[in-house]
Structure formats: structure tokens, C-alpha cells
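Please keep the sequence and the model in view while reading.

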Amino acid sequence: MNKKYNYPEKLSIVNFFLDAEGIRKNPIPFHKKYFDKLGDTFSVKIGRTKHLILSRDNDIAEYILQKNHKNYYKSNIQTVYLSKYLGKGLLTSDGDFWLKQRRLIQPAFHKQKMNQLVVNMEQIIVSELNELAEEKSVDIFPVMSQLAYNVVAKSLFHLSASKEKLNRIKFIVDEVQKFLIKEVRLPHKGWWFSLSGLTKKHFLLSLENDNIIQEIIEERVASKVQTNDLLNMLLETRYEDTGEAMPVTQLIDEIKILFVAGYETIANALTFTFYLLAKHPDVQQKVFQEITEIESLESETVDQLQKMTYINAVLNESMRLYPPAWIVDRQNVTDDTIGSYHIKKGTLIGISLYELHRNPKYWNNPSAFNPERFLGEQKKHSMQYFYPFGAGPRMCIGTGFAIYEMCLTLFKIVKKYEIKPVSGEVQFNPLVTLKPVGVEVLFAKR
């Protein structure tokens, strides 16, 4: 390696490969071990010239996500692996094309537009919760997953799509994501995936998904019906330079991204939040008190949402401990200097948001669940080191949608039920998102 480049403390490639099997199954415990041993930023040399950097340092996160974001593109995991199945949408594109799409789609997620979706969103949540099993142990992730999926599906398509089509889309999205993780974590088995037909099978599933979404779009356009949903908002968008609508193929890609990004992350966050509320009845009681107070002051749902201060704090603290998007990665387009490190272009940098959110350098008693961190003066400090939806220009476009949905779900459940703990320590599987495993609670009627 040219001596003009210098990298953070290096993890021995021997140790890295000795831990490789465990890292593939669950990298988080190994990341913590390396951070504790080597510091908040370390590197691994791969081959003769390539380096990987992993960090839980806020200055580095801020630099690559905000201050110098133009020099840091998404890694091949997003632009190559994900795009193979999800197409070229906001999540999987970069550069001028990404900027053009972001500017086009952003108005559909404006707060005023989101307010228009609230009534439908509330109806879907209430309907889903009518099926909630009471007074017995419930594995909550599948419940929250179905709820979050139905909210995003019906917010996108309202009543345009049949239940069968929506269920098929969910099945395909879940299957493709599971296979994608295998491709990313087991690259040496790529030949087997191809030879066994698994790659082709999942590619064909992705094409089937495209066809289902295209049918829904074509039926909507042919009907000429104006419906208050995200699909209608996206159909009405126009590019600034040409005044033209988004091509149907591009619209399909963006809708696929909204499905993937819009339901599992919310299901994850809600699952972890209900687990934490069950473990902390004092916090749960404060949530209930806020609900009672809000209902005495406001009758309109949008107005109620604006007053959910403590509920928001609870959700933020839950996402601090268990960020749905637990890691973010970038590659630098040109050589760059980050702090005292001079790095070569094409260096892969991973920011462990899970570890940054628990870094004792930024958080007092970081493992404790304490929503007070996100209230009053403490909130200003906490928000500096908090990345549940990313940061900078590429921050998740659906942040407002997600917060509305999570606040409403907490509001409706805690109003009706007392949540009691069943499972012990929380388990999770860090896939594309931080997925809860076997998290059980009990819903007792108030």
C-alpha cells in the first residue's frame, strides 16, 4: 500500500477469518468486541490494496453522511445486490439520478400530504388490532409485521389492490430479502446459488412482483379515479426539467423500495418498543397518562399526533437501543482525509449505528432504557448522536410516515391494553434490518 494512505488501528486478518463464521451469523457481538479492543474506529486490510473501515465514531458518521456526503456513495451491497431484485429506486441509486428522483418524490411525502393519509392509516391500524390475541402470550413481530405491511400497502394503493395480490407481494419481498442476505454474507457460495437455480428462482420472483405492481398501476390509470393514496401522489409528480411523469418502469422500482423500506423497519421498531414497555411498566404508565391527557384536549387525529411528546420520546429511545437500520455503509468516490486518516478511493466504510447509539462517549448509562433522553434540554444533546433514519440528504424519505404510523399504533394499543412481559432477554437477527426474534408479550385489557 502506498505510504501516502494511513488507516485506523488494524484488525488482524487472521482474527477476522477466525471469527468469520460467527460474524456471518450475527456480526454485532464481534463488532463490540473489536471496538472495545481497538477503539471507536478500526480497519481490516483485504488483499493487497483494499481496506474496510468500521466505526462507531460520531465525527466520522457526520462527515460521510452529511458534511462530505457527495464524495460517499452507497456500497455495492445496495447498488448491485439490492438493485438486482429491487430495481433502481431511491434506496439503490446514487449521484445525479438519485438526486433527480429524490426531488421528484419528496413532495409526495410532505407533511401536509402525510396528514391527508392519517385517517386511512388510523382505520387500518384499528382494524388490525381488532384481531389482536388477548390475555395470552403473543410473538409480537409477526403481528406488527402484518400491521405495518397493511398500512404501507393500503397507504400506497388504498383499495386498488386485492388481498391476494398484496399477500403475494409481501411473500415475494420477504423471500427475496432472505436470499439477498445469503448472497451478501456468503459470496463464496455464489457459484452454488447460480448452479442450483436459486439465483434464477429469486430473480423470477422479482419479475413476478414487477408484473403485479404494474397491473395495479394500469388498473388505476384506466379507472381515472382520483384516490387519496401514495400511488395517486406519485402518478401526479412531474420532473422539473421536462414536465413529464415518471415512467411506469421507474414507478414500479420506487414502489418496490417503499414496500421494503416502509414496513419491516416499522415492524422492527414497534416490536422492540412493546418489549421495552412491557419491561418498564413505569414508562408504560406515563404513555397511558399522556394518551388520556391528549384525548381530553384534542378530538382530531392529526392534532393528537402533534401532542404525542412522550410517545415520541419512547419511540426514539427504543430506536436508539435497537435501530431498525442498524448499519450504514458508504464508499468514497475519491481519495479523502477523515480526521487523521488519509484513505484511498473505494474504501468501504461501515458505520455501526447500533454501536454508535450505545457508545459511552455520547450516552450516559447507554444500555439503560430512558426516554427522558429525548425530552426538554436533554433532547438537544441526544439528537446530535441519533440516526434512526440515517442523516443528511439521503435521510429516509418516509420518516414522517413512519413516525405517524408508530405513534398511532402505540396510542391505540396502550389505550386499550396493559402490555406485560413474557420473554426474557430480547433476541435479534441483524439482516438488512435489525429483526427481532421470538419477542413475546401479553396484552391484558385495561
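How many nonpolar, polar and charged residues does the lining of the second largest pocket have? The lining has 14 nonpolar, eight polar and four charged residues. In this classification, Ala, Val, Leu, Ile, Met, Phe, Trp, Tyr, Cys and Pro are nonpolar, Asp, Glu, Lys and Arg are charged, and the others, Gly among them, are polar.

## Basis of the report

The model is predicted: local features need pLDDT of at least 70, and side-chain atom pairs count only at pLDDT 80 or more, while totals for chains, interfaces and linings use all residues. Residues are numbered from 1 along each chain as its sequence is written, and side-chain values use heavy atoms, with hydrogens and water left out.

## The second largest pocket

The second largest pocket has a volume of about 490 Å³. A pocket is found on a 1 Å grid over the protein atoms alone, as an open set of points with protein on both sides within 12 Å along at least five of seven lines; a cavity is a set of points where a 1.4 Å probe fits but cannot get out, and lining residues have an atom within 4 Å of a point. Grid points are joined across faces, edges and corners, and a volume is the space filled by probe spheres set on the points.

The second largest pocket is lined by 26 residues, and Asn-312, Asn-316, Lys-379, Met-383 and Ile-403 are those that lie nearest its centre. Two or more lining residues come from each of α4 (58–67), α15 (301–306), α16 (309–321), α18 and α19 (399–416). Helices here are DSSP runs (H or I, at least four residues), numbered from the N terminus.

Rolling a probe the size of a water molecule over the atoms shows where empty space is left. The structure holds two cavities of 30 Å³ or more. The largest cavity contains about 80 Å³ of space, and its lining consists of Leu-82, Tyr-85, Leu-86, Val-173, Val-176, Gln-177, Leu-180, Val-260 and Val-432. Helices α5 (76–86) and α9 (163–185) each give two or more residues to this lining, and α9 provides the largest share, four residues. By class, the lining of the largest cavity has eight nonpolar residues, one polar and no charged.

The second largest cavity has a volume of about 50 Å³. Its lining is formed by Tyr-85, Leu-86, Ile-172, Val-173, Val-176, Ser-206, Asn-209, Lys-256 and Val-260. The elements that contribute two or more residues are α5, α9, α11 (198–223) and α13 (248–279). Helix α9 gives the largest share of this lining, three residues. Six of the residues lining the second largest cavity are nonpolar, two are polar and one is charged.

## Packing of helices

Helix α7 (residues 111–129) packs against helix α8 (residues 140–157) at an angle of about 150 degrees, with their axes 10 Å apart. Axes are lines fitted to C-alpha atoms, for helices over the stretch in contact, and angles run from 0 to 180 degrees between N-to-C directions. The contact (heavy atoms within 4.5 Å) includes Leu-117 and Met-121 of α7, and Gln-146 and Leu-147 of α8. Its residues divide into seven nonpolar, three polar and two charged.

The axes of α13 and α19 come within 11 Å and cross at roughly 35 degrees. Among the residues that meet are Ile-266, Phe-274 and Leu-277 in α13, and Phe-401, Met-406 and Val-414 in α19. The contact of α13 with α19 has eleven nonpolar, two polar and one charged residue.

Is His-31 buried or exposed? At 10% relative accessibility, His-31 counts as buried, where buried means under 20% relative accessible area, exposed over 50%, and partly exposed in between (1.4 Å probe, protein chains only). His-31 lies in helix α3 (residues 28–38). Apart from neighbours within four places in sequence, His-31 is in contact with Phe-42, Leu-54, Trp-326 and Ile-327.

His-381, in helix α18 (residues 376–383), is partly exposed, with a relative accessible area of 39%.

Tyr-63 belongs to helix α4. Tyr-63 and Gly-339 are 276 residues apart in sequence, yet their C-alpha atoms are 9.4 Å apart in space. Not counting residues up to four places away in sequence, Tyr-63 touches Asn-68, His-69, Tyr-72, Asp-336, Thr-337 and Ile-338.
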